[in-house]
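Subject: Structure handover

Hello,

Please find the structure below. My notes on it follow.

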Protein chains: 2
Amino acid sequence: MKLQFQKESLLNGINIVFKAIASNTSMPILKCILIDASTSEIKLTATDMDLGIETKIEGLILEHGKIALDAKLLFEIIRKLPDSESSVIIVSDNLFNTRIECENALFTIQGLDGEEFSYLPYIERDHYICLSQLTLREAIRQTIFSIAPNDSNKMMSGELLEVHDNILKIVSLDGHRISIHNILLRDRYEDQKVIVPGKTLSEISKILTGDNEKDVLIFFSKNHILFEFDDTVVISRLIEGEYFRIDHMLSNDYETRVKVNKREFMDNIDRAMILIRDTDRKPIILTIEDSNVNMRVKSSFGMMNADVSAQKTGRDIMIAFNPKFLLDALRVIDDEEVDLYMMNPKSPCFIRDEAGSYIYLVLPVNFIVEN
Amino acid sequence: MKLQFQKESLLNGINIVFKAIASNTSMPILKCILIDASTSEIKLTATDMDLGIETKIEGLILEHGKIALDAKLLFEIIRKLPDSESSVIIVSDNLFNTRIECENALFTIQGLDGEEFSYLPYIERDHYICLSQLTLREAIRQTIFSIAPNDSNKMMSGELLEVHDNILKIVSLDGHRISIHNILLRDRYEDQKVIVPGKTLSEISKILTGDNEKDVLIFFSKNHILFEFDDTVVISRLIEGEYFRIDHMLSNDYETRVKVNKREFMDNIDRAMILIRDTDRKPIILTIEDSNVNMRVKSSFGMMNADVSAQKTGRDIMIAFNPKFLLDALRVIDDEEVDLYMMNPKSPCFIRDEAGSYIYLVLPVNFIVEN
């Protein structure tokens, strides 16, 4: 095999597929990126057996072939090659000895047989949806924080993607909170309901360009999901099973509705968190009276007290939260003002917009009023 | 005590003295910053008993007094106060309860008695030198990397500062290499020879503004060194004892002198280091022949080979180094071209300029030539 690249496009391709490299595996082939130039195009592929990424890159095929190269070594070598106009040549022989040349620098590394590399599973492209890269990336950012990645409950480490008519609903939850985004699609599609590993979504959101003009196609099969965009294909295994039923936890009833300036509300929660450490996990207590929200934390480190003006509808209420859970949700909301809906100090608080494009449910915590 | 500040100047002062806060101490008072407004000015002080920093800050004294406040808590609170025009008020009562107010945010924290705070030692200001802040900061940056901070030999964790006539010499060494900077002072001073802890120098270099127009005064006493600049005073204990004699290790003789482009030489060492990991510490082998420097590394991860053009005087030579030691020195040299002076493959290599403003000695390592 003999290939010629511009450093930039090669490095860019490596960066994309690198996200599927398993961080700790004992199998050398899983640490590798496959460079496949056996046909008329050059493809890079990496997989950790759950998540696989394949991308096409620009380059000149001087001799067909394929080779598997250690991903970390390849990435470091290409990254540190001269940033010049000169091109990068990769040549490998029958024993998989591989030379990487650029200007006056020459590396020789030992590759592995490309034939040993596990191909990505074949997915039928029958059922799909289409949305912009920006929309998908934002929806992931706005929900991924409330998965429970290391929980014993595998379901909580993923997100629900549910398609119904022209709505894509994305849900994540961790037992203390639920995040829901409803995305209006341009067309109507067949119903789908799958649970996608959180890792897959977070890696994809790093690759998506965030371009509103460019689309991503999502294909669904029984055990896999496939994302196709630009020159890249991402295939992930799905999490098997039935996702949590959340409909009975949601409600539009409320006794108190309060509208606050998001920035001001958030800054005060952020301040309150200074006094909350692992050794003293105190809640933030909100006292909502008339057009004022009083925010207060008291821990062994000290006390914080702040007043934020608000527009209130309904009853006065005193309610307490883990400040981190409020903050996580507020951080990803783009609106300048947010509405909180509460029933009583024991029932979930909802942060949602009028249009129903996002719903954040946060459970309150018990509290004791001290002076 | 009741004081009023602009957030900016208070935060800036805290940032300066914070560098003397001990990272792990069991004494609560050593975790504190002293705010002293018992006279007509406001001073912040922190000390870990070896290093002490004091800085004056702008502010309005509404009621004299002093208070010691937990440094980390104070820093976090002030940092997260609103970035507004409103001023910050700090009030403490007889029981050292302290209120920090800014706009609608109020913090209450427990302070400690300012009288418990250890004052910085008094230093006679008889013996001193004067140089620009930029010069001192650069000289520290260009030598600090070759101390051995955790070595059993305490002397190696500090740097020698030696004044003779109008020269300040700064030396650091770790057993494998020596870094020397000679700084031409504007005046002649009394001879001085002290060993300053590396921590002191690295913290000072973070506070120095790097302004060439502003000076720093350095005062010497038997056991301490004092740096005075802007509104800040830094006092540090010295390391006791006699520093290593290095004069007999230095030499101007050489058999080979080679001038290379620093950037190109450095980039290739950087590339070579990709193949060197903890599990396989191979040296970089330089083969200097005529006007060419061949650089080569072979490890279990692969091989790198690069040629760099050079101007050579004297004999051809083959010599090997720990690439990190070469790289550390080259990184801090500002010249575009550097000269390496070598005697033989077993003797130290010197990287120095004609003017003698810097000398880096690097010991070579043994090597085996493989193909």
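Let me start with one residue of chain B. Asp316(B) is partly exposed, with a relative accessible area of 41%. Its side chain meets that of Lys312(B) in a salt bridge, 2.3 Å from N to O. Lys312(B) is partly exposed as well, at 24% relative accessible area. Please keep in mind that this is a predicted model.

Both residues also touch Thr256(B). Leaving aside neighbours within four places in sequence, the contacts of Thr256(B) include Lys312(B), Asp316(B), Ile288(B), Leu340(B) and Tyr341(B). Thr256(B) belongs to strand β17 of chain B, residues 256-261. Is Thr256(B) buried or exposed? Thr256(B) counts as buried, at 1% relative accessibility. Its side chain also reaches the backbone oxygen of Arg315(B), at 2.8 Å.

Salt bridges

How many salt bridges does the structure hold over all chains? The total is 53. Here are some others.

Asp83(B) and Lys7(B) form one, at 2.9 Å from N to O. Lys7(B) is in helix α1 of chain B (residues 7-17), and Asp83(B) is in the loop between α2 (71-79) and β7 (88-92) of that chain, so the pair ties together parts that are 76 residues apart in sequence. Asp83(B) is exposed, with a relative accessible area of 73%. Lys7(B) is buried, with a relative accessible area of 5%.

Glu41(B) and Lys56(B) form another, and their closest N and O atoms are 3.9 Å apart. The cut-off for a salt bridge is 4 Å, so this pair still counts. Glu41(B) lies in the loop between β2 (32-37) and β3 (42-47) of chain B, while Lys56(B) lies in strand β4 (residues 51-57), so the link joins parts that are 15 residues apart in sequence. Glu41(B) is partly exposed, at 33% relative accessible area. Lys56(B) also counts as partly exposed, at 39%.

Chain A has a network to look at. Salt bridges there link Asp174(A), Arg177(A), Lys324(A) and Asp328(A).

Aromatic rings

The whole structure has 14 aromatic pairs over all chains. Tyr254(A) and Tyr341(A) make an edge-to-face pair, with centres 5.0 Å apart and 70° between the planes. What does this pair tie together? Tyr254(A) lies in the loop between β16 (232-237) and β17 (256-261) of chain A, and Tyr341(A) lies in strand β22 (residues 337-342), so the pair ties together parts that are 87 residues apart in sequence. Tyr254(A) is partly exposed, with a relative accessible area of 33%. Tyr341(A) is buried, at 4%.

In chain B, the ring centres of Tyr243(B) and Phe244(B) are 5.2 Å apart, and their planes stand at 75°, so that pair is edge-to-face. Tyr243(B) counts as buried, at 7% relative accessibility. Phe244(B) counts as partly exposed, at 27%.

Chain A also holds a ring cluster. Ring pairs join Tyr128(A), Tyr189(A) and Phe219(A).

Charges over rings

Tyr341(A) comes up again here. The charged end of Arg352(A) sits over the Tyr341(A) ring, 3.9 Å from its centre. In chain B, Arg277(B) lies over the face of Phe301(B), at 4.3 Å from the ring centre.

Where the chains meet

Chain A gives 28 residues to the contact, and chain B gives 28 residues. The area buried between the two chains is about 2300 Å². Carbon and sulfur atoms give 54% of that area.

How many salt bridges cross the interface of chain A and chain B? There are two. Asp270(B) and Lys80(A) form a salt bridge, at 3.3 Å from N to O.

Which elements give two or more residues to the side of chain A that touches chain B? They are α2 (71-79), β9 (105-110), α5 (262-272) and β20 (302-314) of chain A. β20(A) gives the most, with seven residues.

Best wishes

Notes:
Residues numbered from 1 in each chain as written. Chains lettered and ligands numbered in written order. Predicted model: local features only at pLDDT ≥ 70, side-chain atom pairs only at ≥ 80, totals over all residues. Heavy atoms only, no water. Helix = DSSP H or I, 4+ residues; strand = E, 2+ residues; numbered from the N terminus. Buried < 20%, exposed > 50% of the residue type's maximum accessible area, 1.4 Å probe, protein only. Polar contact = N/O pair within 3.5 Å; in protein donor to acceptor, adjacent residues only side chain to side chain. Contact = heavy atoms within 4.5 Å. Phe/Tyr/Trp six-rings, centres within 6.5 Å; stacked < 30°, edge-to-face > 60°. Lys NZ or Arg CZ within 6 Å of the ring centre and 35° of its normal. Buried area = accessible area lost by both parts, 1.4 Å probe.
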